[in-house]
Amino acid sequence: MLLTPNVKSVETVKGKGIGVGAIVEVSSDEDGFSGAWFAATVVEALGKDKFLVEYHDLLADDDSQLREEIDALHIRPHPLDTDVDGQFSILDEVDAFYNDGWWVGVISKALADSRYVVYFRSSNEELEFENSQLRLHQDWIGGKWVMPCKVWIFTATLFTVKVCMLELF
């Protein structure tokens, strides 16, 4: 069975703390940026379904902070901090801070000194990150943060089990 989360109106989005001054994350449908989230601050509400945002890490051509009009469907609140005690596990789904944004990947290898190799399905590449450049991935669904499913591989029985333990915050 395929479940589709309820789509929330802009009024609901605004009711969840997304208004002027809110720290948010913004996604883009542009080629090369799909799936990434970029930190921004809401500068102004523009009508019922648009916001003017100022990005934290993206710069305009004149080296000032980039400002852009964004529709409400491409904005979410900043994710909650998740406690991982500074450690990630193999197969943890994470967001990695890369090229000024957060990109979804999977921990494929744990290295020494709190460093990890992350595999990105979208580009079929692996990159190395420090612990401080990673966070557990969360999805914004129905006005709540939801943790992804965990995947465990049982080597003794040679099968993979995907267990969904959704944690709502």
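Tutor: E25, R76, D95 and R135 are linked in a network of salt bridges. A salt bridge here is a side-chain nitrogen of Lys or Arg within 4 Å of a carboxyl oxygen of Asp or Glu. The model is a predicted one, in which local features need pLDDT of at least 70 and side-chain atom pairs count only at pLDDT 80 or more, while totals for chains, interfaces and linings use all residues. Residues are numbered from 1 along each chain as its sequence is written, and side-chain values use heavy atoms, with hydrogens and water left out.

Student: What makes E25 buried or exposed?

Tutor: Buried means under 20% relative accessible area, exposed over 50%, and partly exposed in between (1.4 Å probe, protein chains only). E25 has 0% relative accessibility, so E25 counts as buried. This residue is found in strand 1 (residues 23-27), where strands (E, at least two residues) are DSSP runs numbered from the N terminus.

Student: With which side chains does the side chain of E25 make a polar contact?

Tutor: A polar contact is a pair of N or O atoms within 3.5 Å; within protein, one must be able to donate a hydrogen and the other to accept it, and residues adjacent in sequence count only if both atoms are side-chain atoms. The E25 side chain makes such a contact with the side chain of R76 at 2.7 Å, and another with the side chain of R135 at 2.9 Å.

Student: Which residues does E25 touch?

Tutor: Contact means heavy atoms within 4.5 Å. Leaving aside residues up to four places away in sequence, E25 touches several residues, including W37, F38, R76, W102 and R135.

Student: How do you know that R76 lies over the face of W37?

Tutor: A charge sits over a ring if NZ of Lys or CZ of Arg is within 6 Å of the ring centre and within 35 degrees of the ring normal. R76 is at 3.9 Å from the ring centre of W37 and lies over its face. Likewise, the charged end of R135 sits over the ring of W102, 4.1 Å from its centre.

Student: Why is the pair of F38 and W103 called edge-to-face?

Tutor: Rings of Phe, Tyr and Trp (its six-membered ring) pair if their centres lie within 6.5 Å; planes under 30 degrees apart count as stacked, over 60 as edge-to-face and the rest as tilted. Seven aromatic pairs are found in a search of the whole structure. For F38 and W103 the centres are 6.5 Å apart and the planes form an angle of 85°, which makes the pair edge-to-face. The pair links distant parts of the chain, with F38 in strand 2 (residues 37-46) and W103 in strand 7 (residues 101-110), 65 residues apart. F38 is buried, with a relative accessible area of 4%, and W103 is buried as well, at 14%. Ring pairs also link F33, F38 and W103 into a cluster.

Student: What makes the pair of W140 and W145 tilted?

Tutor: The ring centres of W140 and W145 are 5.1 Å apart and the planes stand at 55°, so the pair is tilted. W140 counts as partly exposed at 28% relative accessibility, whereas W145 counts as buried at 4%.

Student: How do you know that E54 and R67 meet in a salt bridge?

Tutor: Their side chains come to 2.9 Å, N to O, and meet in a salt bridge. E54 in strand 3 (residues 50-59) and R67 in strand 4 (residues 65-71) are 13 residues apart, and the pair links these distant parts of the chain. E54 is partly exposed at 26% relative accessibility, and R67 is partly exposed at 46%.

Student: Which residues form a salt bridge with R115?

Tutor: E128 forms one, with the closest N and O atoms 2.6 Å apart. E128 lies in strand 9 (residues 125-130) and R115 in strand 8, so this pair ties together parts that are 13 residues apart in sequence. E130 forms another with R115, at 3.3 Å between the closest N and O atoms.

Conventions. Helices (H or I, at least four residues) and strands (E, at least two) are DSSP runs, numbered from the N terminus.
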